[in-house]
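This report describes the packing and the strand arrangement of one protein model. Please consult the sequence and the structure shown here alongside the text.

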Amino acid sequence: MNNKSTLLTARVIKTLLLSATLIGVSANSALAKSSDTPIQFAKGAISSTVTGQLKPNEDERWYRFHANSWQYAIINIASLAGTPETANVGVLHMPNGTQDGTKGGIIYQGCLPATGIYRLRIARNLMATQGQTAGYSVEVIVLPKYASEPLCEYL
């Protein structure tokens, strides 16, 4: 009787976790906006660089790219020459509903948790802005599965 109860409880928990995951994936997919700028990778390329500028009245810009779970990714934000300020805040919104990011430099480095559309928010640091044009250069590196496996296998 105790084994049956434990198995039933485990099944219920698995069902609830799967349902919550599917709801999160659906909600995040719905959040992917058509106004997000796609990040394109050339055929066979593992990295892509996008540059841009936020006008004085803009606080953020959104990008999107597709990746698979357990691919290793690095996202780096750098200043853009010729702009008085740098948009140095980056937050990666993942298909499973989680997010990760920080200010400047490498804003994400690790194994991606889910397959789907990743949204990248680039913003200015509102605590350190003078309200001028803020430029940025963002490099997104996503390793193929075979190269990601040794980096992700122990996580």
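Leaving aside neighbours within four places in sequence, isoleucine 75 is in contact (heavy atoms within 4.5 Å) with Phe65, Leu92, Gly105, Ile106, Ile107, Tyr108, Leu120, Val138, Glu139 and Val140. The model is predicted: local features need pLDDT of at least 70, side-chain atom pairs count only at pLDDT 80 or more, and totals for chains, interfaces and linings use all residues. Residues are numbered from 1 along each chain as its sequence is written, and side-chain values use heavy atoms, without hydrogens and water.

Ile75 is also among the members of the largest nonpolar core that touch the most other members, together with Phe65, Leu92, Leu120 and Val138; this core has 24 residues. A nonpolar core is a set of buried (under 20% relative accessible area, 1.4 Å probe, protein chains only) Ala, Val, Leu, Ile, Met, Phe, Trp, Tyr and Cys residues joined through side-chain atoms within 4.5 Å. Strand S10 gives the most to this core, with five residues. A second, separate core of five residues includes Cys111, Ile141, Leu143 and Cys152.

Strand S3 (residues 60-67) runs antiparallel to strand S9 (residues 116-123), and eight bridges join them. Within this pair, alanine 67 stands opposite glycine 116. Strands count as paired if DSSP finds at least two bridges between them.

Terms used:
Helices (H or I, at least four residues) and strands (E, at least two) are DSSP runs, numbered from the N terminus. Buried means under 20% relative accessible area, exposed over 50%, partly exposed in between (1.4 Å probe, protein chains only).
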